[in-house]
Amino acid sequence: MQEALLNSLPKLMGSLSSTVEGGDSAAVAITTTDLVSKSVAIETKIGGTPIRIGGMAKGSGMIHPNMATMLGVVTTDALVTSDIWREIVRISVNRSFNQITVDGDTSTNDCVIALASGISGSTKIYSLDCYEARQLQACLDAVMQGLAKSIAWDGEGATCLIEVTVSGANNEAEAAKFARSVASSSLVKAAVYGRDPNWGRIACAVGYAGIDFNPNDLNISLGSISLMNSGQPRQFDRAAASSYLRQAGETHGTVEIHISVGAHQGSGKAWGCDLSYDYVKINAEYTT
């Protein structure tokens, strides 16, 4: 195996390309059980100078917070000191790859590599507190979240992406934990697949997140349909809510779950997918 890898390196080096086609080929090459390749690129200006951030990732199963069986590579030509870049990357990873789940399983085979060349000649970023750092952070968040959502959307056997948005928490970390708890719930995921607008399963997952909050402050919406207000279930159009879930599944779209746990400023998101019969079939028939 080692000899075959080493013998292939000259050919691989010779096929390197800076073209869009070359980037697409690399994104396809790292896929395994993925149904689609995953890549994102954006351009903005920092200090009046155009900079670019691009990335690719792979992953479809064994996906859970603290990354999982996934690989990500992100590059930028922005000029930033290594310690500031490292912190910006850490923050973005926690807002993206550590906020996705497919099946609750992880492995040791995961990493995100983020490289900053500085060749754009943009204003050099020395501090997290400057405007340029906030610009770069927002851009990197967008790229990494785009890649992370692509992984959850492509979850093994999934018919839709689930996006959980939590607001009103004490801080961002607590909001993120609430969101992960709901996105990770097998009962919530199964209910979405069954097109069942089950507010009880969502409320339950919020409750066992391990964070204190006043249940009377809990509000839950499915898309634009309010299911719970001030801790009490609401009368809602169950057929419309079920239709919302069904349409998302039929189009491999996104189911949005909005949760408020209080009146504070902390907010966060997590992403998952529904749990289908096909997930069981894929992993029952797969062996190593």
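Predicted model: local features only at pLDDT ≥ 70, side-chain atom pairs only at ≥ 80, totals over all residues.
Visitor: Which positions does UniProt list under "binding site"?

Guide: Good place to start! The list comes from an unreviewed UniProt entry. The positions in that record are T32, K58, T69, E156, N283 and T288.

Visitor: Is T32 buried or exposed?

Guide: Let's find T32 first: it sits in the loop between α2 (20–29) and β1 (38–46). A residue counts as exposed when its relative accessible area is over 50%. T32 has 55%, so T32 is exposed.

Visitor: And is K58 buried or exposed?

Guide: K58 belongs to strand β2, which covers residues 49–58. The label "buried" applies under 20% relative accessible area. The value for K58 is 5%, so K58 is buried.

Visitor: What distance goes with the polar contact between K58 and T32?

Guide: This contact links the side chains of the two residues. To count as polar, a pair of N or O atoms must lie within 3.5 Å. For K58 and T32, the value is 3.1 Å.

Visitor: Which residues make the nonpolar surface patch of about 370 Å²?

Guide: We can begin with one of them, L6, which lies in helix α1 (residues 2–14). L6 is partly exposed, with a relative accessible area of 48%. The patch is made by L5, L6, L9 and L12.

Visitor: Which strands stand at the edges of the six-stranded sheet?

Guide: Read the open sheet across, and the order is β8-β7-β6-β9-β5-β10, with mixed pairing. An edge strand has a single partner, so one of its sides has no neighbour in the sheet. The edge strands are β8 (232–233) and β10 (266–273).

Visitor: In β9, what is the bridge partner of N219?

Guide: Strand β6 (residues 219–222) pairs with strand β9 (residues 254–260). The two strands are antiparallel and share four bridges. In β9, the partner of N219 is S260.

Visitor: Which residue in the turn between β6 and β7 has a positive phi?

Guide: β6 also pairs with strand β7 (residues 225–229), in the antiparallel sense and over three bridges. In this pairing, S221 stands opposite S226. The two strands form a hairpin with two residues between them, and the turn residue with a positive phi, about 65°, is G223.

Visitor: How many salt bridges are found in the whole structure?

Guide: One example joins R52 and E43, with the closest N and O atoms 2.9 Å apart. Both of those residues are exposed, whereas D34 and K38, another salt-bridged pair, are both buried. The search of the whole structure finds 10.

Visitor: By about how much of a helix are E87 and R90 separated?

Guide: These two form a salt bridge, with the closest N and O atoms 2.5 Å apart. E87 is partly exposed at 26% relative accessible area, and R90 is partly exposed at 42%. Both lie in helix α3 (residues 82–95), and because they are three residues apart, the separation is about one helical turn.

Definitions and conventions: Residues numbered from 1 in each chain as written. Heavy atoms only, no water. UniProt positions renumbered as here; feature names shortened; annotations may be inferred. Buried < 20%, exposed > 50% of the residue type's maximum accessible area, 1.4 Å probe, protein only. Polar contact = N/O pair within 3.5 Å; in protein donor to acceptor, adjacent residues only side chain to side chain. Patch = residues over 30% accessible without salt bridge, like charges linked within 9 Å, V, L, I, M, F, W, Y side chains within 5 Å. Areas by Shrake-Rupley, 256 points an atom, 1.4 Å probe, with all protein chains shown as cover. Salt bridge = Lys/Arg side-chain N within 4 Å of Asp/Glu carboxyl O. Pairing = 2+ DSSP bridges.
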